[in-house]
Amino acid sequence: GSEDIRKQLPAESSMFEEVNQNYVHVMDTMQAAQTALRATHAPGIPETLTDMDVKLQKIQKSLDSYLEMKRQAFPRFYFLSN
């Protein structure tokens, strides 16, 4: 489950928590801005979104590697998709 993944990938887990907190902050900022144009041009938002994307890509790579490792150890996991 997710606890096993958190133990096996602690750096990625903490990176995900950071992305999650940033997401909540971005959504609060966007709601307060009331228009998409103002929201996407709020100070720091474009950079935060770019940073979140980079981190999520790294997390996805690590999760893919983790799942592949589990598939090699337990062939019955080959039916799971990424």
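**Helix 2 against helix 4**

Author: Helix 2 passes helix 4 in a left-handed crossing. Keep in mind that this is a predicted model. The two helices pack at an angle of about 150°, and their axes are 10 Å apart. Angles over 145 degrees count as roughly antiparallel, so helix 2 is roughly antiparallel to helix 4.

Now for who touches whom. From helix 2, the contact uses Glu12, Met15, Phe16, Glu18, Val19, Asn22, Tyr23, Val26, Thr29 and Met30. Helix 4 answers with Ile45, Thr48, Leu49, Asp51, Met52, Lys55, Leu56, Lys58, Ile59 and Ser62. Sort that contact by class and you get 11 nonpolar, 4 polar and 5 charged residues.

On to the open space. The largest pocket has a volume of about 190 Å³. Its lining is made up of Ser2, Ile5, Arg6, Leu9, Glu12, Ser13, Phe16, Ile59 and Leu63. Helix 1 (2-8), helix 2 (10-33) and helix 4 (45-73) are the elements that each give two or more residues to that lining. By class, the pocket lining comes to 5 nonpolar, 2 polar and 2 charged residues.

Definitions and conventions:
Residues are numbered from 1 along each chain as its sequence is written. This is a predicted model: local features need pLDDT of at least 70, side-chain atom pairs count only at pLDDT 80 or more; totals for chains, interfaces and linings use all residues. Side-chain values use heavy atoms; hydrogens and water are left out. On a 1 Å grid over the protein atoms alone, a cavity is a set of points where a 1.4 Å probe fits but cannot get out, and a pocket is an open set with protein on both sides within 12 Å along at least five of seven lines; lining residues have an atom within 4 Å of a point. Grid points are joined across faces, edges and corners, and a volume is the space filled by probe spheres set on the points. Helices (H or I, at least four residues) and strands (E, at least two) are DSSP runs, numbered from the N terminus. Ala, Val, Leu, Ile, Met, Phe, Trp, Tyr, Cys and Pro count as nonpolar, Asp, Glu, Lys and Arg as charged, and the others, Gly among them, as polar. Axes are lines fitted to C-alpha atoms, for helices over the stretch in contact, and angles run from 0 to 180 degrees between N-to-C directions. Angles under 35 degrees count as roughly parallel, over 145 as roughly antiparallel, 65 to 115 as roughly perpendicular and the rest as oblique. A crossing is left-handed if the near helix is turned anticlockwise from the far one by less than a right angle, and right-handed if clockwise. Contact means heavy atoms within 4.5 Å.
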